[in-house]
Amino acid sequence: MTEDDSYGVTRRFTPYPDVVMENYETESFENILMQEGTTDYLILVPLSRQHGSFYWTNDLEFARENGHHLYRNSEGLDAYNGKLYMTSKAYKVLYILDLDNGTYEASLTHNGAFEGQPDQVARLSGAQAGDLLYFCEDSQEVAAGVHGRDRSGKFFTVLEGIDYDTESTGLAFSPNNMFMYVSFQDNPGLIVSVKRLDGLPFHGNVLDIKYHSLF
(Lines give C-alpha, C1' and ligand atoms only; values in the text may rest on other atoms or scores of the structure.)
Protein backbone atom coordinates (compact mmCIF):
# COMPACT_ATOMS: atom_id res chain seq x y z
CA MET A 1 0.00 0.00 0.00
CA THR A 2 1.28 3.46 -0.90
CA GLU A 3 0.66 6.62 1.11
CA ASP A 4 0.00 9.98 -0.56
CA ASP A 5 1.84 12.12 1.98
CA SER A 6 5.07 14.12 2.12
CA TYR A 7 6.40 11.64 4.68
CA GLY A 8 4.42 8.71 3.35
CA VAL A 9 5.78 5.18 3.07
CA THR A 10 5.06 2.11 0.98
CA ARG A 11 3.92 -0.70 3.28
CA ARG A 12 4.12 -4.46 2.75
CA PHE A 13 1.73 -6.61 4.75
CA THR A 14 2.48 -10.34 5.00
CA PRO A 15 -0.29 -12.47 6.58
CA TYR A 16 0.72 -15.43 8.70
CA PRO A 17 0.68 -18.76 6.76
CA ASP A 18 -2.11 -20.24 8.87
CA VAL A 19 -4.27 -17.18 8.15
CA VAL A 20 -3.73 -17.62 4.41
CA MET A 21 -4.54 -21.32 4.57
CA GLU A 22 -7.71 -20.68 6.57
CA ASN A 23 -8.92 -18.11 4.06
CA TYR A 24 -8.16 -20.38 1.12
CA GLU A 25 -10.22 -23.10 2.71
CA THR A 26 -13.18 -20.79 3.38
CA GLU A 27 -12.65 -18.71 0.19
CA SER A 28 -13.05 -15.55 2.29
CA PHE A 29 -9.97 -13.76 0.98
CA GLU A 30 -11.22 -10.28 1.89
CA ASN A 31 -10.63 -11.12 5.56
CA ILE A 32 -6.86 -11.58 5.17
CA LEU A 33 -6.08 -7.88 5.63
CA MET A 34 -8.00 -7.79 8.91
CA GLN A 35 -6.16 -10.70 10.53
CA GLU A 36 -2.70 -11.19 11.99
CA GLY A 37 0.50 -10.70 10.02
CA THR A 38 3.60 -8.52 9.77
CA THR A 39 3.98 -5.05 8.24
CA ASP A 40 7.25 -3.58 7.03
CA TYR A 41 8.23 -0.53 5.01
CA LEU A 42 10.13 0.22 1.81
CA ILE A 43 13.68 1.62 1.81
CA LEU A 44 15.21 2.73 -1.51
CA VAL A 45 18.99 2.83 -1.90
CA PRO A 46 19.85 4.82 -5.05
CA LEU A 47 23.00 3.93 -6.96
CA SER A 48 22.31 6.50 -9.66
CA ARG A 49 19.45 8.64 -10.89
CA GLN A 50 17.97 5.72 -12.79
CA HIS A 51 18.52 2.63 -10.64
CA GLY A 52 19.35 1.26 -7.22
CA SER A 53 18.49 -1.42 -4.69
CA PHE A 54 15.82 -1.69 -2.02
CA TYR A 55 14.92 -3.58 1.12
CA TRP A 56 12.17 -3.70 3.73
CA THR A 57 12.43 -2.54 7.35
CA ASN A 58 10.22 -2.45 10.45
CA ASP A 59 11.58 1.00 11.35
CA LEU A 60 8.66 3.25 10.39
CA GLU A 61 10.36 6.58 11.18
CA PHE A 62 13.46 5.70 9.14
CA ALA A 63 11.21 4.64 6.27
CA ARG A 64 9.32 7.94 6.45
CA GLU A 65 12.57 9.88 6.05
CA ASN A 66 13.58 7.65 3.14
CA GLY A 67 10.20 8.09 1.50
CA HIS A 68 10.32 11.86 2.01
CA HIS A 69 13.64 12.11 0.17
CA LEU A 70 13.10 9.51 -2.57
CA TYR A 71 9.44 8.64 -3.17
CA ARG A 72 7.40 11.39 -1.56
CA ASN A 73 3.62 11.30 -2.11
CA SER A 74 3.71 7.80 -3.54
CA GLU A 75 0.60 6.57 -5.29
CA GLY A 76 -0.36 4.25 -8.08
CA LEU A 77 0.69 0.71 -7.17
CA ASP A 78 0.55 -2.41 -9.32
CA ALA A 79 2.38 -5.74 -9.52
CA TYR A 80 3.03 -8.05 -12.45
CA ASN A 81 5.39 -10.97 -13.07
CA GLY A 82 7.61 -10.36 -10.05
CA LYS A 83 7.80 -6.59 -10.44
CA LEU A 84 6.15 -3.83 -8.42
CA TYR A 85 5.23 -0.55 -10.14
CA MET A 86 4.90 2.64 -8.08
CA THR A 87 4.75 6.35 -8.80
CA SER A 88 5.97 9.32 -6.78
CA LYS A 89 3.65 12.26 -7.45
CA ALA A 90 5.91 14.88 -5.87
CA TYR A 91 9.03 13.85 -7.82
CA LYS A 92 7.19 12.72 -10.98
CA VAL A 93 8.99 9.39 -11.08
CA LEU A 94 7.90 5.86 -11.97
CA TYR A 95 9.69 3.18 -9.95
CA ILE A 96 9.88 -0.45 -11.10
CA LEU A 97 10.97 -2.76 -8.29
CA ASP A 98 12.28 -6.24 -9.08
CA LEU A 99 10.94 -8.17 -6.10
CA ASP A 100 13.17 -11.20 -6.64
CA ASN A 101 16.48 -9.37 -7.05
CA GLY A 102 15.95 -6.43 -4.69
CA THR A 103 16.76 -3.84 -7.37
CA TYR A 104 14.79 -1.02 -8.99
CA GLU A 105 14.69 1.21 -12.05
CA ALA A 106 13.46 4.82 -12.07
CA SER A 107 12.07 6.85 -14.98
CA LEU A 108 11.04 10.49 -14.97
CA THR A 109 7.47 11.05 -16.18
CA HIS A 110 7.43 14.81 -16.82
CA ASN A 111 7.96 14.64 -20.58
CA GLY A 112 6.04 15.91 -23.59
CA ALA A 113 2.35 16.29 -22.87
CA PHE A 114 2.66 14.90 -19.37
CA GLU A 115 3.17 17.90 -17.08
CA GLY A 116 1.30 16.95 -13.91
CA GLN A 117 1.95 14.35 -11.24
CA PRO A 118 1.74 10.58 -11.92
CA ASP A 119 -1.14 9.03 -10.07
CA GLN A 120 -2.92 5.66 -10.19
CA VAL A 121 -1.33 2.98 -12.41
CA ALA A 122 -2.91 -0.02 -14.15
CA ARG A 123 -1.19 -2.95 -15.83
CA LEU A 124 -3.19 -4.86 -18.39
CA SER A 125 -3.79 -8.60 -18.40
CA GLY A 126 -3.59 -10.74 -21.51
CA ALA A 127 -1.06 -12.54 -23.69
CA GLN A 128 0.45 -9.35 -25.16
CA ALA A 129 -0.02 -6.98 -22.24
CA GLY A 130 2.92 -7.83 -20.01
CA ASP A 131 4.99 -4.74 -20.76
CA LEU A 132 2.39 -1.96 -21.01
CA LEU A 133 1.65 0.28 -18.04
CA TYR A 134 -0.98 3.03 -18.00
CA PHE A 135 -1.24 5.75 -15.38
CA CYS A 136 -3.42 8.71 -14.45
CA GLU A 137 -2.36 12.30 -13.81
CA ASP A 138 -2.91 14.54 -10.79
CA SER A 139 -2.83 18.20 -11.76
CA GLN A 140 -4.68 21.42 -10.97
CA GLU A 141 -2.69 23.59 -13.40
CA VAL A 142 -2.60 21.61 -16.66
CA ALA A 143 -4.98 19.26 -18.45
CA ALA A 144 -4.76 15.94 -16.64
CA GLY A 145 -5.01 12.81 -18.74
CA VAL A 146 -4.01 9.18 -19.12
CA HIS A 147 -0.48 8.26 -20.16
CA GLY A 148 1.50 5.07 -20.65
CA ARG A 149 4.90 3.41 -20.76
CA ASP A 150 5.86 0.68 -23.22
CA ARG A 151 8.35 -2.18 -22.97
CA SER A 152 11.24 -0.02 -24.27
CA GLY A 153 10.72 2.62 -21.58
CA LYS A 154 9.10 5.23 -23.83
CA PHE A 155 6.23 7.29 -22.42
CA PHE A 156 3.16 8.15 -24.49
CA THR A 157 -0.10 10.04 -24.04
CA VAL A 158 -3.49 8.42 -24.58
CA LEU A 159 -5.74 11.39 -23.84
CA GLU A 160 -5.90 14.72 -22.02
CA GLY A 161 -8.95 16.21 -20.32
CA ILE A 162 -8.50 19.70 -21.71
CA ASP A 163 -11.90 20.87 -20.40
CA TYR A 164 -11.34 19.69 -16.80
CA ASP A 165 -8.99 21.34 -14.28
CA THR A 166 -8.85 18.27 -12.05
CA GLU A 167 -7.10 14.92 -11.75
CA SER A 168 -7.85 11.76 -13.68
CA THR A 169 -8.40 8.69 -11.53
CA GLY A 170 -10.21 5.33 -11.26
CA LEU A 171 -8.41 3.79 -14.26
CA ALA A 172 -9.80 0.43 -15.42
CA PHE A 173 -10.16 -1.67 -18.58
CA SER A 174 -12.85 -3.95 -19.98
CA PRO A 175 -12.15 -7.72 -19.81
CA ASN A 176 -11.15 -7.77 -23.51
CA ASN A 177 -9.07 -4.57 -23.14
CA MET A 178 -11.04 -2.87 -25.92
CA PHE A 179 -12.38 -0.13 -23.63
CA MET A 180 -10.60 2.05 -21.11
CA TYR A 181 -12.56 3.72 -18.32
CA VAL A 182 -11.29 6.77 -16.47
CA SER A 183 -12.82 9.34 -14.14
CA PHE A 184 -12.26 13.08 -13.85
CA GLN A 185 -12.61 13.93 -10.20
CA ASP A 186 -14.69 17.11 -10.22
CA ASN A 187 -15.78 20.26 -12.10
CA PRO A 188 -17.83 18.20 -12.94
CA GLY A 189 -17.15 14.65 -11.78
CA LEU A 190 -17.66 12.14 -14.59
CA ILE A 191 -16.59 8.75 -15.95
CA VAL A 192 -15.41 8.42 -19.55
CA SER A 193 -15.36 5.30 -21.75
CA VAL A 194 -12.56 5.37 -24.33
CA LYS A 195 -11.99 3.22 -27.44
CA ARG A 196 -8.98 3.39 -29.77
CA LEU A 197 -9.62 4.86 -33.23
CA ASP A 198 -7.48 2.15 -34.86
CA GLY A 199 -9.75 -0.57 -33.45
CA LEU A 200 -6.95 -2.31 -31.54
CA PRO A 201 -7.17 -3.32 -27.88
CA PHE A 202 -5.22 -1.31 -25.33
CA HIS A 203 -2.67 -4.11 -25.09
CA GLY A 204 -2.10 -4.09 -28.86
CA ASN A 205 1.46 -4.32 -30.15
CA VAL A 206 1.07 -1.24 -32.36
CA LEU A 207 0.20 2.04 -30.66
CA ASP A 208 -1.03 4.98 -32.72
CA ILE A 209 0.64 7.62 -30.58
CA LYS A 210 3.52 10.08 -30.53
CA TYR A 211 6.32 9.13 -28.15
CA HIS A 212 8.09 11.50 -25.78
CA SER A 213 11.75 11.38 -24.77
CA LEU A 214 12.69 9.93 -21.38
CA PHE A 215 15.00 12.67 -20.06
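Strands here are DSSP runs of E with at least two residues, helices are runs of H or I with at least four, and both are numbered from the N terminus. The model is a predicted one, in which local features need pLDDT of at least 70 and side-chain atom pairs count only at pLDDT 80 or more, while totals for chains, interfaces and linings use all residues. Residue numbers start from 1 along each chain as its sequence is written, and side-chain values use heavy atoms, with hydrogens and water left out.

Lys 92 counts as partly exposed because its relative accessibility is 23%; buried means under 20% relative accessible area, exposed means over 50%, and partly exposed lies in between (1.4 Å probe, protein chains only). Between Lys 92 and Asn 73 the C-alpha to C-alpha distance is 9.7 Å, with a separation of 19 residues in sequence.

Strand S4 (residues 74–80) pairs with S5 over six bridges, in the antiparallel sense. Two strands are taken as paired if DSSP finds at least two bridges between them. Within this pairing, Glu 75 stands opposite Thr 87 in S5.

S4 and S5 form a hairpin, with two residues between them. Asn 81, in the turn, has a positive phi of about 55 degrees.

## The S12–S13–S14 sheet

Three strands make an open sheet in the order S12-S13-S14, and their pairing is antiparallel. Strand S12 (168–173) and strand S14 (190–194) are the edge strands, each pairing on one side only. From one strand to the next the twist averages 20 degrees; axes are lines fitted to C-alpha atoms, for helices over the stretch in contact, and angles run from 0 to 180 degrees between N-to-C directions.

Strand S13 (residues 180–184) is joined to S14 by five bridges, and the two run antiparallel. Val 182 stands opposite Val 192 in S14. In general, strands of a sheet pair through backbone hydrogen bonds, either parallel or antiparallel.

## Salt bridges

A salt bridge is a side-chain nitrogen of Lys or Arg within 4 Å of a carboxyl oxygen of Asp or Glu. The count comes to three salt bridges. Glu 3 forms one with Arg 11, where the closest N and O atoms are 3.4 Å apart. Glu 3 is partly exposed because its relative accessibility is 22%, and Arg 11 is partly exposed because its value is 22%. Glu 3 also forms a salt bridge with Arg 64, with 3.6 Å between the closest N and O atoms. This pair links distant parts of the chain: Glu 3 is in the segment before strand S1 (11–15), and Arg 64 is in helix H2 (residues 60–70), 61 residues apart. Arg 64 counts as buried because its relative accessible area is 19%.

Arg 12 forms a salt bridge with Asp 40, and the closest N and O atoms are 2.8 Å apart. Arg 12 lies in strand S1 and Asp 40 in strand S2 (residues 37–46), so this pair ties together parts that are 28 residues apart in sequence. Arg 12 is partly exposed, with a relative accessible area of 34%, whereas Asp 40 is buried at 15% relative accessibility. Salt bridges with shared partners join Glu 3, Arg 11 and Arg 64 into one network.

## Aromatic pairs

The structure holds two aromatic pairs. Rings of Phe, Tyr and Trp (its six-membered ring) pair if their centres lie within 6.5 Å; planes under 30 degrees apart count as stacked, over 60 as edge-to-face and the rest as tilted. Phe 54 and Trp 56 form an edge-to-face pair, 6.3 Å centre to centre, with 85 degrees between the planes. Phe 54 counts as buried because its relative accessibility is 9%.

Tyr 95 and Tyr 104 form an edge-to-face pair, 5.6 Å centre to centre, with 75 degrees between the planes. Both Tyr 95 and Tyr 104 are buried.

## A nonpolar surface patch

Val 45, Leu 47, Tyr 55 and Phe 62 make a nonpolar surface patch of about 370 Å². Patches are made of residues with over 30% relative accessible area and no salt bridge; like charges are joined within 9 Å, and nonpolar side chains (Val, Leu, Ile, Met, Phe, Trp, Tyr) within 5 Å. Accessible areas come from the Shrake-Rupley method with a 1.4 Å probe, and for residues only the protein chains shown count as cover.

Val 45 lies in strand S2. Val 45 counts as partly exposed because its relative accessibility is 31%.
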